[in-house]
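Please keep the viewer open as you read.

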Amino acid sequence: MIYLIKFYGCLILMGLSLSCTSSIETEKPNVVIIYTDDLGIGDVSSYQMGQLKTPGIDRLADEGIRFDNAYATSATCTPSRYSLLTGEYPWRNKRAAVLQGNAALLIDPSAPTLPKLFKENGYSTGVVGKWHLGLGDGNINWNTHIDLGPNKVGFDYSYIMAATNDRVPTVYVQNGDVVDLDKNDPIMVDYRQNFEGEPTGKENPELLKVHPSHGHNMSITNGISRIGFMKGGQSALWVDEDMADTFLVRAKQFVKKHKDKPFFLYYALHQPHVPRVPHPRFAGKSGMGPRGDVILEADWCVDEFLKTLDELGLSENTIVIFSSDNGPVLDDGYHDQSPELVGTHTPWGNLRGGKYSLYDAGTHVPFMLRWQGKIKPGVSDALISQIDLYASFATLFKTENKRPDSQDLLNVLMGKSVKGRDHHITEGLQGRLAFREGDWVLIPPHKGGKKISWGVDMETGFSLRPQLYNLKDDPGQKMNLAEDYPEKTEQMMKIFEGIKSEN
């Protein structure tokens, strides 16, 4: 008698393997990307560089792969999010900069995107949380359906904030419609001038429960002044303390609704971006002020979401990816005592710089991937970028990679290879770029001040001299080796310029 047995994707005939196809190739796992905002590599305790404890996030590292050389493409949020969802370097799109809350949709609706890739392969797709990639055509009427948005670039479902939690309009938008809007109290938004009679943080500080340190002194919502001016929409205004719960509930609902077929969820947390206003459950719990508290809140959200996957029996058929849009920052516009209470905690780990900076901590971010029962837990030193998710999942689906900036690193993500990228380009302020090749980082000469000019205590990385660092020997980028290795500097500059000139 002949027995055919299927074992881990292989056909076995009388103990001999006849054919073997990887389980990766024969399954369509659910995929969830959990994306934090301004979280540093030292803010996650599994990296063993800071003082905060993040057991929920650590669970992904313990049960999956922790990547120690993973990057966002930009040290600011909109460009990084653009790259994550399109697989294209942000500097190839001249509009890919930090957007205002009423900016037009940044992603071309006809262009290939990560959610479209999943949708084309039979997945239900959803985005919950921070968007900040523009809506509409640049002339938004918030009181009618907004056609151009996440649902036009590949998402079946969207429940988002338009931009950031420090920008107006301070409302949620679901599938193109402002949530809980009373049409008799229409929303008006302007980023140039205030509406007559509306209070602002600058003129009415007595109305504030969180005070700005620089900027952020315009329209007031929930006792917090923001960037930009807004009037109306009172029934639709969000409550900052409830934002984490609001997004978590929608993320869980999406998973529960689509648990019986493949789904892709982009779950974009708002923490620890300013203003940092934790739910009372977390206020004061970190000992580091609101910034530490909202990181604990975000960690709880991750843990609760993972518990939902467990309860639904989805953990072993769901790839969960965790990362951040850029590096950390302390004072980013509000007096919340982040610099005073940070103590010995190091959000940037052993790296130099942070949010906005060309130095490594601006884009070197936490990155983990878990696929329970399918990949072996461990730590990877492979150089990898968020931009590579597009090509890697295209390979999973055996379809064309339509984004040449994105590289197929599926085997790296699955722990089957340690051979990552050869090189990567990262972006700081004002579209200024840096170039990593292997262990080396080149920061070409850039005009501009060495420190950010508007009140953030952060190095830009700008210098009129080229900067060359070896991150393996000098992760803190203390020794500029450009003059010691002129040939290496020149060689990297040529490769860098070549990549920039590619279409």
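This is a predicted model: local features need pLDDT of at least 70, side-chain atom pairs count only at pLDDT 80 or more; totals for chains, interfaces and linings use all residues.

Helices (H or I, at least four residues) and strands (E, at least two) are DSSP runs, numbered from the N terminus. Residues are numbered from 1 along each chain as its sequence is written, and side-chain values use heavy atoms, with hydrogens and water left out.

**The chain as a whole**

The chain holds ten helices and 23 strands. For 503 residues, a compact globule would have a radius of gyration near 23 Å, and the chain agrees with its 23 Å; the radius is taken over C-alpha atoms, and the globule rule is 2.2 Å times the number of residues to the power 0.38. Along the principal axes, the C-alpha atoms fill a box of roughly 85 × 60 × 45 Å.

Of the 503 residues, 61% count as buried. Here buried means under 20% relative accessible area, exposed means over 50%, and partly exposed is in between (1.4 Å probe, protein chains only). The accessible surface comes to about 20300 Å², and carbon and sulfur atoms contribute 50% of it; these areas come from the Shrake-Rupley method with a 1.4 Å probe, and for residues only the protein chains shown count as cover.

A contact means heavy atoms within 4.5 Å. Among contacts in the chain with a separation of 6 or more, 70% are between residues 24 or more positions apart.

Where is Asp43 found? Asp43 sits in the loop between strand E4 (30-36) and helix H2 (55-63), and with a relative accessible area of 0% it is buried. The side chain of Asp43 makes a polar contact with the side chain of Arg291 at 2.7 Å, where a polar contact is a pair of N or O atoms within 3.5 Å; within protein, one must be able to donate a hydrogen and the other to accept it, and residues adjacent in sequence count only if both atoms are side-chain atoms. A polar atom of the Asp43 side chain also lies 2.8 Å from the backbone nitrogen of Gly40. Beyond four places in sequence, the residues that Asp43 touches include Leu52, Ile295, Pro328 and His345.

Arg81 belongs to helix H3 (residues 77-86) and counts as buried at 0% relative accessibility. Its side chain makes a polar contact with that of Asp37 at 3.5 Å. Leaving aside residues up to four places away, Arg81 touches Tyr35, Trp131, Tyr266 and Asp325, among others.

**Around strand E12**

Thr221 lies in strand E12 (residues 220-221), and Ser219 lies in the loop between strand E11 (188-190) and E12. Both are buried: Thr221 has a relative accessible area of 4%, and Ser219 has 3%. The side chain of Thr221 makes a polar contact with the side chain of Thr170 at 2.9 Å. Ser219 and Thr200 are 19 residues apart in sequence, yet their C-alpha atoms are 4.7 Å apart. The contacts of Ser219 beyond four places in sequence include Val168, Asn194, Phe229 and Met230.

Is helix H8 (residues 389-396) largely enclosed or open? Seven of its eight residues are buried, so it is largely enclosed by the rest of the structure. Those buried residues include Tyr390 and Phe393. Tyr356, by contrast, counts as buried at 10% relative accessibility.

Some backbone angles to look up in the viewer:

| Site | Feature | Angle |
|---|---|---|
| Gln271 to Pro272 | cis peptide bond | omega about -5° |
| Val274 to Pro275 | cis peptide bond | omega near -10° |
| Tyr356 | positive phi, not a glycine | phi about 80° |
| Lys398 | positive phi, not a glycine | phi near 55° |

Pro272 lies in the loop between strand E15 (263-268) and helix H6 (290-311), and Pro275 is found in the loop between E15 and H6 too.
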